[in-house]
Protein chains: 2
Amino acid sequence: MLKKICGRLAGRSRQAASSKAAGTKHHVSDSLGKLFRLFLETQSKKMSLLVVGSVAFDAVETPFGKCEKMLGGSASHFSISASFFTKVSIVGVVGGDFSDEDHKVFDKYGIGTHDLERIAGGKTFRWRGRYDYDLNVAHTLETQLNVFADFKPKLSEESKDARLVFLGNIQPDLQREVREQIPKAELVALDTMNLWIENTRDSLLRTIKGVDVVIINDAEARQLTGIPNLIKAARTILSWGPKALVVKRGEYGAALFTEENYFAIPAYPLESVFDPTGAGDTFAGGFMGYLSSQEKLGEDAMRRAMIFGSVMASFNVEEFGTERVRRLTHHEINERFRAFKRMTHFEEIPFERVEQAVR
Amino acid sequence: MLKKICGRLAGRSRQAASSKAAGTKHHVSDSLGKLFRLFLETQSKKMSLLVVGSVAFDAVETPFGKCEKMLGGSASHFSISASFFTKVSIVGVVGGDFSDEDHKVFDKYGIGTHDLERIAGGKTFRWRGRYDYDLNVAHTLETQLNVFADFKPKLSEESKDARLVFLGNIQPDLQREVREQIPKAELVALDTMNLWIENTRDSLLRTIKGVDVVIINDAEARQLTGIPNLIKAARTILSWGPKALVVKRGEYGAALFTEENYFAIPAYPLESVFDPTGAGDTFAGGFMGYLSSQEKLGEDAMRRAMIFGSVMASFNVEEFGTERVRRLTHHEINERFRAFKRMTHFEEIPFERVEQAVR
């Protein structure tokens, strides 16, 4: 099997090929993209989203290819995804090895980096992982926390004004510190992982009490509550305070639980998944980014946000790291949004023979 | 934990209690049910569905209860479920231990049993299984094929006129024999299992080529094709001949693949699953039963059939064996059908900020 590698050259040649194929269309969407960023700049108060999380260099090997170094981390995947919908800023930390060119990726998508601290004498967080044919399971080969080990989120005054906040998967004490600095936020969401559920459960529960939306995967929902039935587990999590729970189920889609309702969608059907790294954060970025673009943050908007989150995640897994998402156009995003409608629609015609028989 | 047991007494007292609670309503739906059966009798040519499969006595133990003997088998679960929508008949075999009272269950639901052979000197097929807390996995403790070991399906002339046929999970040579005796059937569907995929693969593939719809679970789709990706596996199965593939995914719902389209739905959210035995056949019964009630068997009808199949399966798992489905009313079925619409609906409003920015 021919395996793919990642990297700038490979990325460029593919991008060039796709530009050529798309012809002028690509240029049009580029211009629309720039106009969109300009529009967002002027809207920063109304449409502002803050994410705290990791910015990392990932090394990934899958059965289909290998990449020695690419931009990764929860805040990177989240913010690039969210940038298609809203003005988003990162709170995080990188090392001296995070070059100007690396930084330019965020600039290109209009992502705010005032609060992305750079520690010249340190090294950026690194993660190395491998996926076997069961792409649902990531095998961590190496984790170098580096500058992330002593990360203390520092928020500028602008960041404290954020309307929506996403507390990416970091130590729950730090999540709570950030949350408490933005008491006026209209909606705060949180992600977490098995490590924090096992080792810092009490702190995590306190953090969960203070957020509006929890966004986790189904295994985490079960582990967090100790309840094998997902529906019961969801009720339990909602009873702790959050008004909504989003459960990511990988190839099986995602579900939204609120006190009153249940909403569930399948995943976009992909014939091949290339690299699932960052899919969860890309989902969260689409979900929160879309919500941030909406005036009303009710359940109707959340349902559409679930679709946009799934759309973004479905693109994310098609290539290494953030490569595919970085080439997206709004047209492609909306096309896939419409595909979700087509693949979930049925006519609401109840069974009626019995009434006919009676007449 | 208080564990439930099954059996007539338990069943009766529960039914009595629920009749009392429902008051006259219950009687009304009983009368409607009778009228519905009468109506079906007069419609047997237009609305006829045939199932070939097992009729069995099951013994089941779950973490929540235990049942030493209850009606089971693919044809039983399928036909009782389908009887809520159409006129259904069974091709199968039972032993001398299958009492008149056992037989009356089928009569009550208007299920045709002309081709349910009774071998007085033999014993009915018996299955004994156990579920642990992971209710997705059935542990078979004992299988006594008994009269089923030498089962040769025999079709009456009336059965050969069936408009729709379901080939339940039996040896694929037998499935093909039945299929070939009903060449004029408008739609033939098939179920199978790992045993036949492993031991009689060639025969199974020949049988699949001759049917319109394959209804299996996701593990079976992967095993049948040797392809881990479900979407690719589905394309492969469709390339063999069937025009539709239904994939049952347990707690994750179900998906319908056709050459052109993909349709996927979640499962009904249940806080507790009591006994999953027969859920797949109950799904198939709802799916085929509903289709049988429709004049046009196109994709629109199949999508609704997916919902009715899921509705019936969701009731099935709430109690032992066929107990819950046997107490169902059309009102309850339609209520849950509508719940599926509520839990999958979202407004088709694409993301539009970029257009606003351009204006």
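Which residue in strand 11 of chain B is the bridge partner of Ala189(B)?

## Model and conventions

This is a predicted model, in which local features need pLDDT of at least 70 and side-chain atom pairs count only at pLDDT 80 or more, while totals for chains, interfaces and linings use all residues. Residues are numbered from 1 along each chain as its sequence is written, and chains are lettered from A and ligands numbered from 1 in the order in which they are written.

## The sheet of chain B

Strands count as paired if DSSP finds at least two bridges between them.

Strand 10 (residues 187-190) and strand 11 (residues 213-217) of chain B run parallel and are joined by two bridges. The partner of Ala189(B) in strand 11 of chain B is Val213(B).

## Helix 8 of chain B

Helix 8 (residues 201-209) of chain B, a DSSP run of H or I with at least four residues, has Leu204(B), Thr207(B) and Ile208(B) as its buried residues (20 or more other C-beta atoms within 10 Å of their own, C-beta atoms being placed from the backbone). They cover an arc of only 100° around the axis, which puts them on the same side of helix 8 of chain B; the arc is that of the directions from the helix axis to the C-beta atoms. On the other side of this helix, Asp202(B) and Lys209(B) are exposed (12 or fewer such atoms).
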